[in-house]
Amino acid sequence: MSNSIKDSAQAFAVNQVLKYVDSNPQEAFPKLLDWADKFDKDNLYLTQRQQIRKVMEQPDSNWMRLINSLWTDIDSEVRKVFFRNFIVNASLLGSRKQVANREKYGCNIPWAILMDPTSACNLHCTGCWAAEYGNKLNLSYEELDDIINQANELGTYMFLYTGGEPMVRKNDLLRLCEAHPDCVFSAFTNGTLIDEKFADEMLRVKNFYPAISIEGFEEATDFRRGKGTYQATMI
């Protein structure tokens, strides 16, 4: 069987399993792990599977609450795209391409790529280098797009943005989501530039997931990031 046919068959199998999980997450989780044990014959994700089993042994833990929230708090179409891109593309199929290319080129092929679209930031947090570098360092849309295309060829489908503040470039980030619907994109962000319009755009593209950073509660956040920042992030 050719790799392309095998990949398509595995992708179909994963999608069928995810449909089953959607129907009854609590009952399906243990069976999903049993299936993953059989699927991951090379044990590329043995450690991760072992950790997930430990989490599932503690149904009241914060990690299980987080996992359950994928079915109680997340749009169903966003969840489907996340699982397809993260599990199928970035992990299962991507890992096979990464291993092959590591052997072919004799170098490491990363599972995820971390890149800074810009040094610019809308805040001036105490101790952060972004306030010193200003807004003059930027990767163009074309450069970011080229990096992603090259990464896909090598088997990498997971991309994390840092900065500066990545949301300064939020229009370009959305364009990249549209251009690469098979990839997973996340950004470490202070959250203050995410408004209702951008939230609607995230729901539309479905493959962008912000990781919002605060210092803790309001007093600590505003002390380091400026008065009103906590409220601007939480709104």
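Colleague: Hi! What kind of model is this, and how are the residues numbered?

Modeller: Residues are numbered from 1 along each chain as its sequence is written, and the model is predicted, so local features need pLDDT of at least 70, side-chain atom pairs count only at pLDDT 80 or more, and totals for chains, interfaces and linings use all residues. Side-chain values use heavy atoms, with hydrogens and water left out.

Colleague: Let's start with the sheet. In what order do the four strands come?

Modeller: The order is 1-2-3-4, in an open sheet with parallel pairing. Strands here are DSSP runs of E with at least two residues, helices are runs of H or I with at least four, and both are numbered from the N terminus. Two strands pair if DSSP finds at least two bridges between them.

Colleague: Which strands stand at the edges?

Modeller: Strand 1 and strand 4 (208-212) do; each has a single partner strand, so one side of each is left without a neighbour in the sheet. On average, neighbouring strands of this sheet are turned by 20° against each other, direction ignored. For such angles, axes are lines fitted to C-alpha atoms, for helices over the stretch in contact, and the angles run from 0 to 180 degrees between N-to-C directions.

Colleague: How many bridges join strand 1 and strand 2?

Modeller: Four bridges, in the parallel sense, with strand 2 covering residues 158-161. Leu114 stands opposite Leu160 in strand 2.

Colleague: And which helix packs on the sheet?

Modeller: Helix 5 (residues 76-105) does, touching strand 2, strand 3 (184-189) and strand 4. The direction of helix 5 makes about 90° with that of strand 4. Touching, or contact, means heavy atoms within 4.5 Å.

Colleague: Which residue pairs with Glu178?

Modeller: Arg204 does, at 2.8 Å from N to O. This pair links distant parts of the chain, with Glu178 in helix 8 (residues 170-179) and Arg204 in helix 9 (residues 196-205), 26 residues apart.

Colleague: What about Glu201 and Arg204?

Modeller: Those two form a salt bridge as well, with the closest N and O atoms 2.8 Å apart. Both lie in helix 9, three residues apart, about one turn of the helix.

Colleague: How accessible is Arg204?

Modeller: Arg204 has 41% relative accessibility, so it counts as partly exposed. Buried means under 20% relative accessible area, exposed means over 50%, and partly exposed is in between (1.4 Å probe, protein chains only). Glu178 is partly exposed at 42%, and Glu201 is partly exposed at 24%.

Colleague: Which residues are linked in a network?

Modeller: Arg169, Asp172 and Arg175 are linked in a network of salt bridges.

Colleague: Let's go inside. Is Thr221 buried or exposed?

Modeller: Thr221 has 0% relative accessibility, so it counts as buried. Its place is in helix 10 (residues 218-225). Leaving out residues up to four places away in sequence, Thr221 touches Ile214, Glu215, Gly216, Gly226, Thr229 and Tyr230.

Colleague: And Arg49, buried or exposed?

Modeller: Arg49 is buried, with a relative accessible area of 8%. It sits in helix 3 (residues 46-56). Its contacts, not counting residues up to four places away in sequence, are Ala36, Asp37, Asp40 and Asn43.

Colleague: Last one: which peptide bond is cis?

Modeller: The one from Gly163 to Gly164, with omega near 10°. Gly164 is found in the loop between strand 2 and helix 8. For another backbone detail, Lys206 has a positive phi of about 75° although it is not a glycine, and Lys206 is in the loop between helix 9 and strand 4.

Note on methods
Salt bridge = Lys/Arg side-chain N within 4 Å of Asp/Glu carboxyl O.
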